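Colleague: Could you walk me through reading a model like this one, feature by feature? I would like the general idea each time, and then the case at hand.

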Amino acid sequence: MAEYVNVAVDAMGGDNAPGAIIKGSIEAINEDKRVKVFLVGREPVIREELTKYTYNADQLEVVHAEEVIDTAEPPVNAIRKKKESSIVKAMYMVKGGTCDAFVSAGSTGAVLVGGQLIVGRIKGVERPPLAPLIPTEKGVALLVDCGANVDARASHLVQFAKMGSIYMENVIGIPNPRVGILNIGAEEEKGNALVKETFPLLKECTDINFIGSVEARDVPSGAADVIVCEAFAGNVLLKTFEGVASTLLKTVKKGMMTSLRSKIGALLVKPALKQTLKAFDVEEHGGAPMLGLNGLVVKSHGSSSSKEIKNSILQCVAFKEQKINEKIKEKINLEG
């Protein structure tokens, strides 16, 4: 059999750990025989949870890590002091080559710091961004950056655009992906100082398909395949997007239960509605990869269900098979 894609999973991270994390890991290996999961965390707890499931033992390994990094802990101190934590041990497995990727629903700060300090940046990459896929009317778009670099420079955003284009073309399969910069208007002269400085630099890039400014209201309709911004604006956009989707879903469900007529109508449209709502479910698209590192690091939501963990693990397969890091290295080195 072909070599596995080895994924280290933080079994102790997230609001629903370890239950949802382990369930999602089992679902991933049961769905894809190319994946091997290394569950990193407190072994007795993990072993007890595993007794609930049937799986191929060759595709799963447990790695003991006694410590857990809390979301409230200062990230830098936690990474430096808690060497026996699930996040740190898993990161070193990626750095050492035992694993190809790391998935965690734990402390975002610790994952970001660990990604840079332990896994390390690709030479030439100035700032690795977090890049989640968000659902749109036309499929998905990549939001770069959503949480890693609040104070970014124009040169960072240019690299975000290039790395995001590589990801969308090779992992999602969109040829010549359209790149837009998040702005408060479509005109070139609009925006803050960072956007105004970045816009002409993106226009000069011959290796990306830059289409100009994209307003937040146009993101859900699929105005661009890659949305470039600094992390403050990106995080606000992402959280608003998720909040509106969740509220809309609850409102639709509530409206369908208001009368006998609406209940009958709900039964008739249920199959089509279910398919439509599935397309706008953020959990369907896995976590946010941290682009530009020497190994793949994926940050999933702290409240991740088993479905998001499963999809976060499965997205690591395409990342490795399409040699995303190698393509980023090649592009950055050519620029250097």
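Modeller: Gladly, and let's begin with one residue. S104 lies in strand β4, residues 101–104. Helices (H or I, at least four residues) and strands (E, at least two) are DSSP runs, numbered from the N terminus. Before we go on, a word on the ground rules: this is a predicted model, where local features need pLDDT of at least 70 and side-chain atom pairs count only at pLDDT 80 or more, while totals for chains, interfaces and linings use all residues. Residues are numbered from 1 along each chain as its sequence is written, and side-chain values use heavy atoms, with hydrogens and water left out.

Colleague: Is S104 buried or exposed?

Modeller: Buried means under 20% relative accessible area, exposed over 50%, and partly exposed in between (1.4 Å probe, protein chains only). S104 has a relative accessible area of 1%, so it is buried.

Colleague: Which residues is S104 in contact with, leaving aside its neighbours within four places in sequence?

Modeller: Contact means heavy atoms within 4.5 Å. With those neighbours left aside, S104 is in contact with D10, I87, V111, V298, K299 and S300. The side chain of S104 also makes a polar contact with the side chain of D10, at 2.8 Å. A polar contact is a pair of N or O atoms within 3.5 Å; within protein, one must be able to donate a hydrogen and the other to accept it, and residues adjacent in sequence count only if both atoms are side-chain atoms.

Colleague: I87 is on that list. Which residues of α4 are buried?

Modeller: In α4, the buried residues are S86, I87, V88, A90, M91, M93 and V94. That makes seven of the ten residues of the helix (residues 86–95), so α4 is largely enclosed by the rest of the structure. Just after α4, G97 takes a positive phi of about 90°.

Colleague: Where does S304 sit, and what does its side chain reach?

Modeller: S304 is in the loop between β11 (296–299) and α10 (306–321). Its relative accessibility is 2%, so S304 counts as buried. The side chain of S304 reaches the backbone oxygen of H301 at 2.5 Å.

Colleague: How should I read backbone angles?

Modeller: Most residues other than glycine have a negative phi, and most peptide bonds are trans. In this model, N176 has a positive phi near 50° and is not a glycine; N176 is placed in the loop between α6 (154–172) and β7 (178–183). K323 is likewise not a glycine, and has a positive phi of about 50°. K323 is in the loop between α10 and α11 and, at 48% relative accessibility, counts as partly exposed.

Colleague: Which peptide bond is cis?

Modeller: The bond from A17 to P18 is cis, with omega near -5°. P18 belongs to the loop between β1 (5–10) and α1 (19–31).

Colleague: What do two helix residues such as K327 and S165 look like?

Modeller: K327 is in helix α11, residues 324–335, and is partly exposed at 29% relative accessibility. Not counting residues up to four places away in sequence, K327 touches I166, N170 and Q322. S165 is in helix α6 and is buried, with a relative accessible area of 8%.

Colleague: How much of the contact pattern is between residues 24 or more positions apart?

Modeller: Such pairs account for 71% of the contacts with a separation of 6 or more. As for overall dimensions, the C-alpha atoms fill a box of roughly 65 × 60 × 40 Å, taken along the principal axes.
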